[in-house]
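Me: Please put the sequence and the model up, and then I will go through the fold with some questions.

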Amino acid sequence: LGVLGVLGVLGVLGVLGGVFIVIRKDIISYPITVSNNSLKHLFIDFRYNNTNSVVYSVYIPIPSSSYLYESHMETVESLMHTNPIHTYIFYGVYNLPYIVWSIDELTFSSISSISGSCVPKTFASLNFFQQTSFST
């Protein structure tokens, strides 16, 4: 993108975590306030090359309940419905240990019942795709 200097998610032994997003200082940007305070997450709205974009970072600790994942995805859906003409970039640590992700697709397999299965299902229903250069 040329806009985002550093994207980061910090975690220490999966217990403490935080998120940060760095955007070039010549790009006008502002944080988006959301009502979901149960997560460590950050939404930033910015405009670059006549494109409105939102970048989002999240850290979800292990273990997390189904409620936390569902609440997170409701926040994502609400934001997208409020800002439908934006381009979205999502990244972070979801800590879904029983999911085996495929590369470049939002498909997964699980070895047991998992609390965060709504994450890939919701992103897939919103027509998102995954880009990665390694298996996650």
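Me: Which residues are buried in α1?

Reply: This is a predicted model, in which local features need pLDDT of at least 70 and side-chain atom pairs count only at pLDDT 80 or more, while totals for chains, interfaces and linings use all residues. Residues are numbered from 1 along each chain as its sequence is written, and side-chain values use heavy atoms, with hydrogens and water left out. Helices (H or I, at least four residues) and strands (E, at least two) are DSSP runs, numbered from the N terminus, and buried means under 20% relative accessible area, exposed over 50%, partly exposed in between (1.4 Å probe, protein chains only). In α1 the buried residues are L68, Y69, S71, H72, M73, T75, V76, L79 and M80.

Me: In what order do the elements of the protein chain run from the N terminus on?

Reply: The protein chain holds two helices and eight strands. Of its 136 residues, 40% count as buried. Starting at the N terminus, the order is β-β-β-β-β-α-β-β-β-α.

Me: What share of the contacts in the protein chain with a separation of 6 or more comes from residues 24 or more positions apart?

Reply: Contact means heavy atoms within 4.5 Å. Among the contacts with a separation of 6 or more, the share from residues 24 or more positions apart is 52%.

Me: Against which elements do the buried residues of α1 pack?

Reply: Helix α1 has 17 residues and reaches 24 Å from its first C-alpha to its last, close to the 24 Å expected at 1.5 Å a residue. That expected span is 1.5 Å times one less than the number of residues. The buried residues of α1 pack against β3 (29–32), β4 (40–48), β5 (51–59), β6 (87–93) and α2.

Me: At what angle do α1 and α2 pack?

Reply: Axes are lines fitted to C-alpha atoms, for helices over the stretch in contact, and angles run from 0 to 180 degrees between N-to-C directions. Angles under 35 degrees count as roughly parallel, over 145 as roughly antiparallel, 65 to 115 as roughly perpendicular and the rest as oblique. The two helices are therefore roughly parallel to each other. Helix α1 (residues 66–82) and helix α2 (residues 118–125) have axes 9 Å apart, and their packing angle is about 15°.

Me: Which residues of α1 and α2 make the contact?

Reply: The crossing of α1 past α2 is right-handed, a term used if the near helix is turned clockwise from the far one by less than a right angle, and left-handed if anticlockwise. From α1 come Y69, E70, M73, V76 and E77, and from α2 come C118, V119, T122 and F123.

Me: How many nonpolar residues does the contact of α1 with α2 have?

Reply: Ala, Val, Leu, Ile, Met, Phe, Trp, Tyr, Cys and Pro count as nonpolar, Asp, Glu, Lys and Arg as charged, and the others, Gly among them, as polar. The contact has one polar and two charged residues, and the number of nonpolar ones is six.

Me: Which residues is T122 in contact with, leaving aside neighbours within four places in sequence?

Reply: T122 is in helix α2, where the buried residues are C118, V119, P120, T122 and F123. T122 counts as buried because its relative accessibility is 11%. With those neighbours left aside, T122 is in contact with M73 and E77.

Me: How far apart in space are S53 and T87, C-alpha to C-alpha?

Reply: S53 is in strand β5 and is buried, with a relative accessible area of 7%. Not counting residues up to four places away in sequence, S53 touches I44, D45, F46, H86 and T87. S53 and T87 are 34 residues apart in sequence, and their C-alpha distance is 4.5 Å.

Me: What separates the C-alpha atoms of D45 and I28?

Reply: D45 lies in strand β4 and counts as buried at 6% relative accessibility. Leaving aside neighbours within four places in sequence, its contacts include I28, Y30 and S53. D45 and I28 are 17 residues apart along the chain, and the separation of their C-alpha atoms is 8.6 Å.

Me: Is N50 buried or exposed?

Reply: Most residues other than glycine have a negative phi. N50 lies in the loop between β4 and β5 and has a positive phi of about 60° although it is not a glycine. With a relative accessible area of 67%, N50 is exposed.
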